[in-house]
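Subject: Model for your review

Hello,

Here is the model I said I would pass on.

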Amino acid sequence: MTEDIIVKTSARLMTPFIQMFGLYVIFHGHLTPGGGFQGGAIIGASMILLAVVYGLEEGEKRLGHDASTVLESSTLFYALIGLIGIAAGYSFLANRVAGIPVGTPGALFSGGAIFAINIVVGLKVASTGKTLFYALSREERP
Amino acid sequence: MSINRHFPVLIVVAPLLASYLAPMLWRWQRRLVKPIVLSAAALSFSMSLSTALQVLRSGPVSYHVGSWEPPWGIELYVDYLSAYMAVVVTAVGLLILIYATEYAEKLVDEKNRGLFFTLALLLIAGLTGMVVTGDVFNLFVFLEIASLASYALVPIAGKKGSKGRFEASFRYLYMGAIASTFILIGIGLAYMATGTLNMADMARLLPEARQEYPRLIVASLGFFIVGFSIKCALFPLHLWLPDAYAHAPMPVNALSSGLTIKVMAYAMIRLFYSVFGIGFVSGTGLLSALQVIAGTAIIVGSLLAITQNDVIRILAYSSVSQIGYIILGATLVTKDGLAGSLLHILHHSVMKGAMLLAVGAVIYKTGKRDIRDYRGLGKRMPYTMGAFSIAALSMVGIPPLTGFVSKWILLLGTVEAKSYAFTFVILASSLLNAVYYFRLINYIHFKGETAGEVDEAPPAMLIPIIILGLGAIFLGVLAGLPLTIIWKAVASAGL
């Protein structure tokens, strides 16, 4: 891999901002366009950027395979949040009626289960994007 | 308040939860994976059974996800047909997973084994979701979950699999992706015309929308038919199936043949009878076209099966032929036709499940899949090959085995519809079935000895095979049992 100072520096400078924007999209998923999936895709793209510029090993150091496995199972919490509704005596994925606090509409901490679900989905999608990239770059030859 | 009320959603959530857990457990607590996977499948099965009994006792169950009233929220709607399909899917799925615990140990790469259970459970979750949902878009979401899981399951054996596995999976993937797109367009057009995605609501609004958009609704129906025809491997859109079967591990084939293509056929039946209304569908002329295609599928599938020597391909082409029966029965628009079609879904799952798993046991023991190498296996693996032979005889339609009952009811259906050409097709196809299944039985039992020293597969594999083999007998003798719920489903379909 050739050393390119411009690419490396700009990637290093951009990454925190890209990730911050991804987090913003995730956390404001219930308020503005976007949500867990879109924000997660942005964060995943930032990790792919690091892997492309600094090499696959360096990227692996930032988010290892074990961590990905855990993050990808985070959808577990989606289902568990859904079970809260059943535990409260309502339906699967019941939100306000099941007593999950929803806050003031328009505020950051509002939306009840949707807020939590967006975060879970964001983690999952970010990690999946990265894993897909690694799976393709280390393609198994038939 | 009881937990029973939540069974319609929990049937889907139990395998879904376990499939999320499986990769983590595989990494750190490997010995827990199989118990968790099997107990999730067993839980799903027992909940389906309990829901089916409840539906039989007190009528269809509706479940509002998130406590949102339909048509705004997603509705799960378990009527007689859904309850029946849910039991078939979860019961056969559980047996195949039990079998797979042992099979995967030897014939799936260690690296992929955790993934195998994750995807198999995800497939079952997607299929049960398709069966219980009462929402067209929800149907699509579960369809995609199930489809993506099955594309990935084809090459799952890894380095222990065969050479062309990626190519076969890729061909399946893009045939499947085209089908999914067609189905999505169909949903989009129907949504445009009615403004709703809830099946019951859509059925209510469609007659009115037909006045305004007469051609659009027919186009939507056409997209659905083509999409689901690819998904259920209806001739001439079956080309992905034999290749995928030849390269995938046997439990995956059993899941695909026993469950996936059946649920896709179910989705087509559901759309015809519960959404578009069968009167409208047969008025468009698409139904008679589908009848001819299904009749051709029955004959061509059997003819192609006769030309093969690879056992897996014989069974794959036989599946193409059998899906023709199911679609033909559903398109005859007679009571007996639909009942025969629905009964054949169960019967073919059991028969083909038994045969595919039995062939899997032979591959597990010897790695052989050419029929000429099967000589004498009847003596070496008496239980496995016994179940295989019973299922094969049943497939031909020897009374009182299962295949006879469903084919008989289908025959009555064709007579009732006065489509005597199809009566002839079914009879002729039984003869063709006899040609290739008797050939298999002949090689296995009566053609000397080339199999060498082999013994029975381990109990975890043998027991599901024997249960399915016995099923091929008892579901024929006791066909009245599934028929009680089927007749109610047929009655509520408005025939």
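Predicted model: local features only at pLDDT ≥ 70, side-chain atom pairs only at ≥ 80, totals over all residues.

Chain A

Chain A has six helices and zero strands, so its elements, read from the N terminus, run α-α-α-α-α-α. The C-alpha trace of chain A spans about 60 × 40 × 20 Å along its principal axes. Chain A has 142 residues, of which 32% count as buried. If one takes the contacts in chain A between residues at least 6 apart in sequence, 60% of them join residues at least 24 apart.

The contact between the chains

Chain A contributes 20 residues to the contact, and chain B contributes 19 residues. On the chain A side, α4 (65–72) and α5 (75–87) each supply at least two residues. The largest share of that side comes from α5(A), with six residues. Sorted by class, the side of chain A that touches chain B has 10 nonpolar, eight polar and two charged residues.

Helix α2 of chain B

Helix α2 of chain B covers residues 33–58, 26 residues in total. From its first C-alpha to its last it reaches 37 Å, close to the 38 Å expected at 1.5 Å a residue. Which residues of α2(B) are buried? They are B:Val33, B:Lys34, B:Val37, B:Ala40, B:Ala41, B:Ser44, B:Phe45, B:Met47, B:Ser48, B:Thr51, B:Ala52 and B:Val55. The buried residues of α2(B) are covered by elements of chain B including α1 (7–28), β1 (61–64), β2 (75–78), α3 (80–107), α4 (110–132) and α20 (480–492). After α2(B) comes B:Gly59, which has a positive phi, near 85 degrees.

Nonpolar cores

The largest nonpolar core contains 209 residues. Within it, the residues with the most contacts are B:Tyr84, B:Ala120, B:Ala265, B:Ala354 and B:Ala358. Helix α3(B) gives the largest share of this core, 21 residues. Leaving out residues up to four places away in sequence, B:Ala354 touches B:Ala387, B:Phe388, B:Ala391, B:Ile465, B:Leu468, B:Gly469 and B:Ala472. Another core, of 16 residues, lies apart from the largest one and includes A:Ala113, A:Val121, A:Leu123 and A:Ala126.

Regards

Key. Residues numbered from 1 in each chain as written. Chains lettered and ligands numbered in written order. Contact = placed C-beta atoms within 7 Å. Helix = DSSP H or I, 4+ residues; strand = E, 2+ residues; numbered from the N terminus. Nonpolar A, V, L, I, M, F, W, Y, C, P; charged D, E, K, R; others polar. Expected span 1.5 Å × (residues − 1). Buried ≥ 20, exposed ≤ 12 C-beta atoms within 10 Å, placed from the backbone. Core = buried A, V, L, I, M, F, W, Y, C linked by C-beta atoms within 7 Å.
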